[in-house]
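Here are some friendly notes to read alongside the model. Please keep the viewer open as you go through the points.

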Amino acid sequence: MTNSINMLLKPYIKKVNTNLVELIESKKPEKLYKYIGYQLGLYDASFEKVADVKGGKRLRASIPLIVTKHIGDGEFAMKASMALELFHNFTLIIDDIQDNDETRRGRPTLWKTIDTPQALNAALIAESLSFECAREACAHLPTKQAQKWYESFQMMTYKVFEGQHMDILFEKEEQVFSAQYIQMIMAKTACLIGQAFSCGFALQAKEDLRKFATNLKQIGEAAGMAFQIQDDILGLWGDPKKTGKPVGSDLRCHKKTLPVVHALESGSRSARQLILEAYQKDLTEKQTDSILNCLEVAGSKDFAFNQVREYTNKALTILDSTPIDSKLKEKLTEIIEALGHRES
Ligand code: IPE
Ligand code: IPE
Ligand code: MG
Ligand code: MG
């Protein structure tokens, strides 16, 4: 039995949360920054600080802390970790507006709690805070190297929102091929996870450590692909009590998640017809059940599970061939494996 992803990341969460609260409380106007605090699970809906933080897994924030615990200089790691978590949450605030989702992490989404215009303000402030932390994370490096990394961090906005653009366009497309789907999830999800895996190396002052950043990026991207496909599976068959997100929301939005893309590409004619017809308008409960059943019969659920395994294996193969600290390798292997089996 492998450790759950939440168990593996637990040792890092408290420190990240303390630093995030400190940052938020150092800024004004208080109210605006508390919106971000709510999104991060640090404040409740009355904008009071909570004892029991419901801020998600903190996956992206934990990876740089884990990497730098095992190698070299880690002073910059907390700033990188905060930059990643703030960036992730900036994209989630916008994503929940775009997907019209009312629940995340078992609580009302930010736009549902305040309103969409103010949630958009909070998202953009979270992005700026993220860039502020990123700038501090690379301040110890010579200017040229610092600039190179900072630019790679800034590029994430292009990547994620190119991905979101495709994701939304695909809702209305009759035919989305798996190659298009792969391109979309690489952009919207995997690139940021690649950044999380690589930055602990990319920000090192020593070239003999920095040189592994490219491999770590590839490892994180492959793990990120598995992560998004698992998210697609959980969105259809997951337990909302564990995911904290409503099940069926992707179907309601007519999303072309991997199981749906697979069924459209290789399922029977009747499966294709059933999905395309249901995706013309609002889905009834009966249509939702029929699609879920048809995705299982078409082998699309198993196909998606296999793809999670394949991308997980790809990440592990690259990790295996990368000559870094062996204890770090063990830890990252555990995390990548746990991501492939995650239920939340
Ligand atoms: C949700 O990410 C968005 C995706 C890229 C699928 P997470 O599942 O990491 O969200 P939290 O931060 O743990 O809630
Ligand atoms: C994941 O979006 C990518 C981003 C948030 C940018 P999804 O829409 O697939 O993720 P969930 O299921 O809402 O977390
Ligand atoms: Mg969403
Ligand atoms: Mg989305």
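1. Is Arg-105 buried, exposed or partly exposed? This is a predicted model, and in it Arg-105 is partly exposed, with 19 other C-beta atoms within 10 Å. A residue needs 20 or more such atoms to count as buried. Arg-105 sits in the loop between β1 and β2 (107–108). Its phi is positive, about 55°, although it is not a glycine. Please keep this residue in mind, as Arg-105 is also among the residues that surround ligand 1.

2. Now the overall picture. The secondary structure of the protein chain comes to 17 helices and 2 strands. A compact globule with 344 residues would have a radius of gyration near 20 Å, and the chain agrees with this because its own value is 20 Å. Along the principal axes, the C-alpha atoms fill a box of roughly 60 × 50 × 40 Å. Of the 344 residues, 44% count as buried. If you take the contacts between residues at least 6 apart in sequence, 70% of them join residues at least 24 apart.

3. The domain assignment gives domain 1 (1–137) and domain 2 (160–344). Their C-alpha centres lie 21 Å apart, and the contact takes 33 residues from domain 1 and 34 residues from domain 2. On the domain 1 side, α1 (5–25), α3 (59–70), α4 and β1 (103–104) each supply at least two residues. Helix α4 gives the most to that side, with 8 residues. By class, the residues of the domain 1 side divide into 13 nonpolar, 13 polar and 7 charged.

4. What surrounds ligand 1? Its neighbours are Gly-56, Lys-57, Leu-59, Arg-105, Thr-189, Gln-228 and Asp-231. This shell divides into 1 nonpolar, 3 polar and 3 charged residues. Both domain 1 and domain 2 contribute to it, so ligand 1 lies between them.

5. Ligand 2 also lies between the two domains, because both give residues to its shell. The residues around it are Thr-91, Leu-92, Asp-95, Asp-99, Asp-101, Val-160, Gln-164, Lys-188, Thr-189, Asp-231, Gly-235 and Lys-245. The elements that give two or more of these are α4 (77–98), α7 (143–172), α8 (178–202) and α10 (213–237). Helix α4 provides the largest share, 3 residues. By class, the shell has 2 nonpolar, 4 polar and 6 charged residues.

6. Which residues have the most contacts inside the largest nonpolar core? They are Ala-83, Ile-93, Ala-223 and Ala-226, in a core of 95 residues. The largest share of this core, 13 residues, comes from α8. Each of domain 1 and domain 2 gives at least three residues to the core. For a closer look at Ala-226, leave aside its neighbours within four places in sequence: Ala-226 is then in contact with Val-308, Tyr-311, Thr-312, Ala-315, Leu-339 and Gly-340.

7. Finally, some backbone details to check in the viewer. A cis peptide bond joins Lys-28 and Pro-29, with omega about 0°. Pro-29 belongs to the loop between α1 and α2 (30–39). Asn-100, in the loop between α4 and β1, has a phi near 55°, a positive value in a residue other than glycine. Asn-100 is exposed, with 12 other C-beta atoms within 10 Å.

Technical notes:
Residues numbered from 1 in each chain as written. Chains lettered and ligands numbered in written order. Predicted model: local features only at pLDDT ≥ 70, side-chain atom pairs only at ≥ 80, totals over all residues. Near = placed C-beta within 6 Å. Helix = DSSP H or I, 4+ residues; strand = E, 2+ residues; numbered from the N terminus. Nonpolar A, V, L, I, M, F, W, Y, C, P; charged D, E, K, R; others polar. Domains from an automatic or database assignment. Core = buried A, V, L, I, M, F, W, Y, C linked by C-beta atoms within 7 Å. Contact = placed C-beta atoms within 7 Å. Rg over C-alpha atoms; globule rule 2.2 N^0.38 Å.
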